[in-house]
Amino acid sequence: GDVGITLESMIQLSAVGYDKTKFTKSISWLTKNEKLIKTPGLQAEFIFASHALDFSDQKVVTQKLTQLKKAINTDGSVKDTNNFSYCWVILGLMAAGEKDLANTVALHLTTQNESTGGYKYIYGDTKSEEAADVTGFVVQAIKSTVGTGSEYDEATKMLVAGRAKVWLNKNKQDGDHWNAFGAYDISGTAYAAMAYRTMEQDSSPYADYLKSKIDKKTNGVIASWTEPDADVFSTSQAILALNNLNFIDILKNKVK
């Protein structure tokens, strides 16, 4: 089993009516295999899922929060953690009520953007390009911490989120999607769409694009590398955007 895809699916489905009673087996599998939840990103995603599906009172969730907090340095950095996982760290901390620590990590994340304003998975990686999914996720993570820091902190975070938005605007394709590696990018489009929603912009054009990629036979979302077949990973990452929702909506319990 894949912990990341399992958690992503659980989190995104939680926003559209799937409560914890429909994930009894998934929650049981995760708790029985808690040793697989060993990286800070996965620990934070697990904590966020426990908030979304109301099982945060379980002992293993408290254990993972303790482990996560120990992994965070005083400057907000986390060893061997990429920018995508940093976003989960921030959201997991916010879900757990650790707002000051979430703000510290968010401020570190503001230092990891490229000169373009976009984000790569690993800051400064010369072998990769900025990506819509991680850039869109950064916007959501940073915006989730609004009001947790000083006036200077808030200005810094909003400046970086604004620059990320500029990058997304410049790299949008045909007004409704984003590409990666020369082909349409479902995850990038979904996460960028969610970022636009955090900035109170209409995300329906991107939802419509994602709907156009649904396989009518299976109802899964087709990825560029699996067409004409659907892809479970892309499907799990598209649910919120298809419904014009985002991770902050889950954090604030503003779901369908």
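This is a predicted model: local features need pLDDT of at least 70, side-chain atom pairs count only at pLDDT 80 or more; totals for chains, interfaces and linings use all residues.

Visitor: Fine. What describes two packed helices?

Guide: Two packed helices are described by the angle between their axes and the distance between the axes.

Visitor: Which residues of H7 and H8 meet?

Guide: On the H7 side you have Ala 132, Thr 135, Gly 136, Val 139, Ile 142 and Lys 143; they meet Lys 157, Met 158, Val 160, Ala 161, Ala 164, Trp 167 and Leu 168 in H8. Sorted by class, that contact of H7 with H8 holds 9 nonpolar, 2 polar and 2 charged residues.

Visitor: And at what angle do H3 and H5 pack?

Guide: H3 (residues 40–52) and H5 (residues 83–95) pack at about 40 degrees, with axes 7 Å apart. That angle makes H3 oblique to H5. Here, too, you'll find a left-handed crossing, of H3 and H5. Among the contact residues are Ala 44, Ile 47 and Phe 48 of H3, along with Trp 88, Val 89 and Leu 91 of H5. The class tally for H3 with H5 is 8 nonpolar, 4 polar and 1 charged.

Visitor: What about H9 and H10?

Guide: H9 spans residues 186–198 and H10 residues 204–211; they pack at about 155 degrees with their axes 9 Å apart. H9 is therefore roughly antiparallel to H10. In their contact, H9 brings Ile 186, Thr 189, Ala 190, Ala 193 and Tyr 196, while H10 brings Tyr 206, Tyr 209 and Leu 210. By class, H9 with H10 comes to 7 nonpolar, 1 polar and no charged residues.

Visitor: Now the rings. How many aromatic pairs are there?

Guide: With ring centres within 6.5 Å as the cut-off, the count is 15 aromatic pairs. Ring pairs also join up: Phe 48, Phe 84, Trp 88, Tyr 121, Phe 137, Tyr 191 and Phe 247 are linked into a cluster.

Visitor: Which rings have the charged end of a lysine over them?

Guide: Tyr 18 is one, with the charged end of Lys 22 at 4.7 Å from its ring centre. Tyr 184 is another: the charged end of Lys 213 sits over its ring, 3.9 Å from the centre.

Notes: Residues are numbered from 1 along each chain as its sequence is written. Side-chain values use heavy atoms; hydrogens and water are left out. Contact means heavy atoms within 4.5 Å. Helices (H or I, at least four residues) and strands (E, at least two) are DSSP runs, numbered from the N terminus. Ala, Val, Leu, Ile, Met, Phe, Trp, Tyr, Cys and Pro count as nonpolar, Asp, Glu, Lys and Arg as charged, and the others, Gly among them, as polar. Rings of Phe, Tyr and Trp (its six-membered ring) pair if their centres lie within 6.5 Å; planes under 30 degrees apart count as stacked, over 60 as edge-to-face and the rest as tilted. A charge sits over a ring if NZ of Lys or CZ of Arg is within 6 Å of the ring centre and within 35 degrees of the ring normal. Axes are lines fitted to C-alpha atoms, for helices over the stretch in contact, and angles run from 0 to 180 degrees between N-to-C directions. Angles under 35 degrees count as roughly parallel, over 145 as roughly antiparallel, 65 to 115 as roughly perpendicular and the rest as oblique. A crossing is left-handed if the near helix is turned anticlockwise from the far one by less than a right angle, and right-handed if clockwise.
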